[in-house]
Amino acid sequence: MQEIDSVRLGRWLNVRKLTPALAAEKAGMDVDAMRGLVDSGGTLTAAQLGRLCETLAVGAEQLRPGDGRTPTVMVQRREEMIATRRSIDRDGIHFYDYYSLPAPAGRVAPVILDILCPADHLPPLNNGHLEPALTVNLGPGPINGRWGEELDAETWRVLEAGDGDDAWITGASYVEPSYQPHTYSLASERPARIVSYTAPSGLRDLVDDCDEWSDAAFAELADGLAAGDGTPTRLATGLARRGHDAGSAAAAAGIAEDALAAALAGRGSLSPEDAMALGAALGLDYRLLLPRDAREDSLGRAFATVARSRASARRFRGHEVASMACAPHLPDLVGLFVRVDGAAPPLDLSEHGETHYLVTAGAVRVHWLDDGEGREAVLGTDDALWVAPYVRHSFDGDGALVKLGHGGVLDAGADLELDTCFRPAATLRRARRDRRGWGFDGEVVG
Ligand SMILES: [Fe+2]
């Protein structure tokens, strides 16, 4: 038998504008059985599920229940991390040992790498990956980073380690874009580890969908992006999709045609005021009509040296924190060094996104609320945490943490959607576990 989720079934009945009675008739099911599924879920035979999927034009997985409640916090002990070790050989040497940090099944988590390639061996490059990455030297020694076949100041540099009183800032950090080849070796006799967070790419769904597109359609998209050369994608496509050229759009918005034509040709950018007028006239989000902030280096990276992180140190909610590398074109990659040095503050941390913590020194106690119930755990060096979004938590004790986050379901695209949405709180509240139909679910078709 195949399990059916009542909320998901209800959602698809709404999308397809089918009442339970109409859907039952089309799927050859008993009306009361269908109502029972909509009310509280249940099971169907494979054949019944097949007919229901055909009726709703969905795949079976779109009607099956999800994984249930996501955990609030996961604690992983050092020994559990050690147990995830896998060794990688390259160039005939033991190159990396990988370890995983905790996350619920199916979620992305950072990995720790023991850098084993010795300082006198040039490390071979990898091929890069779709996922953008935030990488941090955990020390205690410095490492070499390599980002190109030819070695120069851009493609070969040292990521130093922190030391002394500031060792809670474990080392240099950097962010890198998709498909940037990279590799590491030791830069001294001292051992070194990195934590690397290859976070989900915001392009993942598009990339998956493009796999199924015709070659010609994909070339149309890619060639258009290449020719656009940094012009906001939404500007050209937004006008054309609405049947406007520069002249008619400028007239509709009451802005100068020259300025719009220049922005479309990549010879300038719209002022926020003009973008807003255009957005209001055509039904576009004006923020998508503005140019990207291209302040990354020539390989799409941004670095934070130990000195730069140290200079950013400040108090934040009872702790001392220091920033890691960041870049405006990778807005969902967030990293922070945290020094815990005191009594428990109130549960005043609550994160807009999944968050990973690794204890890098000392011992700290984490407190959190598990659906109203207070919980705590004492953590030592190399113990790690995964914390779900909007779970209240705090730390006390005497130690240091590395904190890493990515957007997940609360990424920059979702924020834009929430900020753009008409009455976002009411919309989310209504949508969560929504069992209400769109208003015609009482009718029975005879
Ligand atoms: Fe990587």
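Predicted model: local features only at pLDDT ≥ 70, side-chain atom pairs only at ≥ 80, totals over all residues.
Local features of the model need pLDDT of at least 70, side-chain atom pairs count only at pLDDT 80 or more, and totals for chains, interfaces and linings use all residues. Residues are numbered from 1 along each chain as its sequence is written, and side-chain values use heavy atoms, with hydrogens and water left out.

Me: What makes α9 oblique to α10?
Reply: The axes of α9 (residues 246-253) and α10 (residues 257-264) come within 9 Å and cross at roughly 130°. Angles under 35 degrees count as roughly parallel, over 145 as roughly antiparallel, 65 to 115 as roughly perpendicular and the rest as oblique, so α9 is oblique to α10.

Me: Which residues make the contact of α9 with α10?
Reply: With contact taken as heavy atoms within 4.5 Å, Ala246, Gly247, Ala249 and Ala250 of α9 meet Glu257, Leu260, Ala261 and Leu264 of α10.

Me: What makes His129 and His182 donors of the iron ion?
Reply: Donors are N, O and S atoms within 2.8 Å of the metal (3.2 Å for Na, K and Ca), and the NE2 atoms of His129 and His182 lie 2.2 Å from the iron ion. His129 sits in the loop between β6 (111-115) and β7 (133-140), and His182 in the loop between β10 (173-176) and β11 (183-186), 53 residues apart.

Me: Why is His182 called buried, and why is His129 called partly exposed?
Reply: Buried means under 20% relative accessible area, exposed over 50% and partly exposed in between, with a 1.4 Å probe and protein chains only. His182, at 8%, therefore counts as buried, whereas His129, at 22%, counts as partly exposed.

Methods:
Axes fitted to C-alpha atoms, helices over the stretch in contact; angles between N-to-C directions. Helix = DSSP H or I, 4+ residues; strand = E, 2+ residues; numbered from the N terminus.
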